[in-house]
Amino acid sequence: MSLEAILVLAILVGTVALFVAEKYPLDMVALLGLGALLAFGLVTPQEGFSGFSNPATLTVAAMFVLSAGLQKTGATAAVGRLMVRFGKDHYTALVVVMSTITVMSAFVNNTAAVAVFIPLVTILANRRRISASKLLIPLSYASQFGGVCTLIGTSTNLLVSSISEQAGYGSFSMFEFSRMGLILFVAGVTFFLLFGRWLLPDRTVSELASTYNLGEYVTEMRVRRNSPLVGQTVLESRLGEEHDVTVLRVLHIGEAGWAPLRQVLEPDHVLLVRGEISELMLLRDSMGLELNVDFELRDETLQTEDLRLVQALVAPGSELVGHTLKELDFRNRYKALVLAMQRRGETIHDQLSTVALSLGDAILLQAHEAEIRALRRNSDFIVLDEVPGTALRHRAPLVIAILVAVVGLAAFEVFPILVTALLGCLAMLLTRVLRLDEAYHAINWQVIFLLAGILPLGIAMQTSGAAEFIAERAVGVVGDMGPVAVLAVIYLMTSVMTDTMSNAAAAVLLAPIAISTAEQIGVDPRPFLMAITFAASTGFSTPVGYQTNTMIYNAGGYKYTDFLRTGVPLSITFWILSVIFIPRLWSF
């Protein structure tokens with residue numbers, strides 16, 4: 001093995017390790033790998049930066065813009081409201097939710113579709129007295145079913161198609177995936193209809209104060225006559241700075257003042273205070289306050305007719321990701337108070353202002369109705385409450401026509417998908433469906449830089465002989481058992497890598513190996529590439545294996561084991577079906 005191949009393998013191992021460790025953002029890891037390739041001269045500058053001009057990368061960026069046009073005109077939400085109307089009971093709701101999101105995700109970015117559908121599915125669950133946890137995992141999984149039905153369904157499909165074309169084996173057509181995708185869709189829906197009642201958790205939605213365990217952090221304290229707070233305003237007392245507590249309300253003779261920073265405190269005023277236990281006890285002793293031992297926190301304690309509690313999720317592509325509440329000046333910027341957070345099933349109360357936000361974080365907010373309406377319109381948040389039934393905007397038919405033209409012209413091979421997608425984006429800009437700044441904002445730049453950074457590693461694996469080296473070892477283990485056995489191993493490897501790191505990265509890293517393996521045993525690599533595409537686009541077994549899983553984690557009140565319990569048997573089912581049907585649909 002050459003020195004270049006050894007260096008490429010070392011960079012490959014380091015990149016995968018950083019992906020799995022999740023210590024750095026995915027796009028940064030990809031760019032670190034790119035930097036290492038360039039520094040050691042393993043790729044030329046042209047090859048190193050070819051990821052930014054790769055048709056797959058540009059098409060993914062264009063699809064983000066097209067999806068944003070559908071969202072802005074209300075077309076996606078309108079479909080979701082029809083879903084709410086037709087889901088009458090648990091089984092019909094399950095079929096309607098999974099069918100609707102599958103069709104939508106075949107043509108629209110699935111993270112964008114799921115972002116719109118999460119509050120709608122929550123409403124459906126509440127109206128039909130179904131636990132949302134019975135529907136949100138099927139929502140996430142079915143969005144992945146849809147993604148493997150068309151070329152534009154996921155970035156993975158476009159990436160593998162591009163790699164296949166560059167290797168001289170041709171690109172994939174728009175609906176080449178559809179037959180296999182339909183088989184997996186039917187299997188997925190049947191799986192949940194038969195086993196969902198037992199595998200999916202039934203998490204009843206309790207009061208938000210209880211869900212976020214606020215009872216231990218929010219209490220009432222009465223101001224005694226000898227308290228040093230008497231005669232001071234809450235702002236002057238500097239309680240937030242010296243004791244790390246927040247005064248939520250001041251109650252006196254039946255009248256409540258919310259966020260009363262400039263209210264002068266008097267004896268017998270009752271303060272509703274949030275803070276850690278140790279800080280609350282210190283506040284009681286040092287400021288002459290009396291703890292209300294009989295206080296029981298309920299949602300109504302924190303709400304009035306206008307001031308409400310609401311949950312909001314950090315949306316995909318949100319500008320909040322990676323920033324703390326303090327850095328964002330969250331309270332002043334959004335006129336909302338953060339009471340607690342949940343991340344991957346863990347509730348966070350301590351040092352909230354210093355916690356860097358991540359995709360899918362659930363934030364418990366206290367805000368006035370006007371601010372909640374503003375949050376609903378803000379693409380950085382997914383607000384989990386009743387969604388106003390706004391009508392379709394007059395440009396919605398135009399946007400749908402543009403999307404149909406994009407898909408149709410590519411399907412009939414009038415133009416390549418990159419050309420039709422870019423023309424579709426231009427049509428939306430020229431017809432003022434989107435402003436230019438809205439189009440830029442719609443693109444998830446983390447995904448774009450991830451793809452652009454990781455593609456050169458695939459090139460280096462091919463040109464250095466690293467992919468051939470790995471393929472020879474793989475063929476030595478299972479090659480004698482035939483191409484079907486090799487396909488089964490490739491699918492399984494991709495599935496495991498997808499559940500532990502970026503699905504796009506898994507596909508890019510394994511596609512050159514699959515091509516080299518096919519060449520070693522003298523068969524067409526297309527079935528192997530299809531196995532990678534389907535395995536990388538269906539990550540069920542962990543909440544971090546696919547973005548949509550992360551998005552519904554907190555919204556459904558799930559635990560990590562819920563994804564293992566449902567995802568592992570479904571992944572095995574898809575593996576078996578793929579090994580059976582892929583060789584029949586794409587012969588060796």
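A disulfide is counted here as a pair of cysteine sulfur atoms within 2.5 Å. By this rule the structure has zero disulfides. The model is a predicted one, in which local features need pLDDT of at least 70 and side-chain atom pairs count only at pLDDT 80 or more, while totals for chains, interfaces and linings use all residues. Residues are numbered from 1 along each chain as its sequence is written, and side-chain values use heavy atoms, with hydrogens and water left out.

**Buried residues**

| Residue | Relative accessible area | Class |
|---|---|---|
| Val 43 | 5% | buried |
| Cys 425 | 10% | buried |
| Leu 384 | 12% | buried |
| Cys 149 | 13% | buried |

**The sheet**

Helices (H or I, at least four residues) and strands (E, at least two) are DSSP runs, numbered from the N terminus. Two strands are taken as paired if DSSP finds at least two bridges between them. Five strands make up an open sheet with antiparallel pairing, in the order S8-S7-S9-S6-S10. Its edge strands are S8 (346-348) and S10, each of which pairs on one side only. From one strand to the next the twist averages 30 degrees; such angles run from 0 to 180 degrees between N-to-C directions, and axes are lines fitted to C-alpha atoms, for helices over the stretch in contact.

Strand S6 (residues 307-314) has seven of its eight residues buried, so it is largely enclosed by the rest of the structure. S6 runs antiparallel to strand S9 (residues 362-368), and seven bridges join the two. Leu 307 has His 368 of S9 as its bridge partner, and Leu 309 has Gln 366 of S9. Helix H18 (residues 369-377) packs on the sheet and touches S6, S9 and S10, its direction making about 135 degrees with that of S9. Contact means heavy atoms within 4.5 Å. S6 is also joined to S10 by three bridges, again in an antiparallel arrangement. Here the bridge partner of Val 314 is Phe 381 in S10.

**Two loop residues**

Leu 384 lies in the loop between strand S10 (381-383) and helix H19 (396-411). Leaving aside residues up to four places away in sequence, Leu 384 touches Ile 118, Pro 119, Gln 311, Leu 313 and Ala 555. Leu 384 and Thr 122 are separated by 262 residues in sequence, yet their C-alpha atoms are 7.3 Å apart.

Val 43 sits in the loop between helix H2 (26-39) and helix H3 (45-48). Val 43 and Phe 86 are 43 residues apart in sequence, and the C-alpha to C-alpha distance is 54 Å.

**A helix pair**

The axes of helix H5 (residues 55-72) and helix H10 (residues 155-166) come within 8 Å and cross at roughly 160 degrees. H5 is therefore roughly antiparallel to H10, a label for angles over 145 degrees; under 35 counts as roughly parallel, 65 to 115 as roughly perpendicular and the rest as oblique. The residues in contact are Pro 55, Ala 56, Thr 59 and Val 60 of H5 and Ser 155, Leu 158, Leu 159 and Ser 162 of H10.

Notes: Buried < 20%, exposed > 50% of the residue type's maximum accessible area, 1.4 Å probe, protein only.
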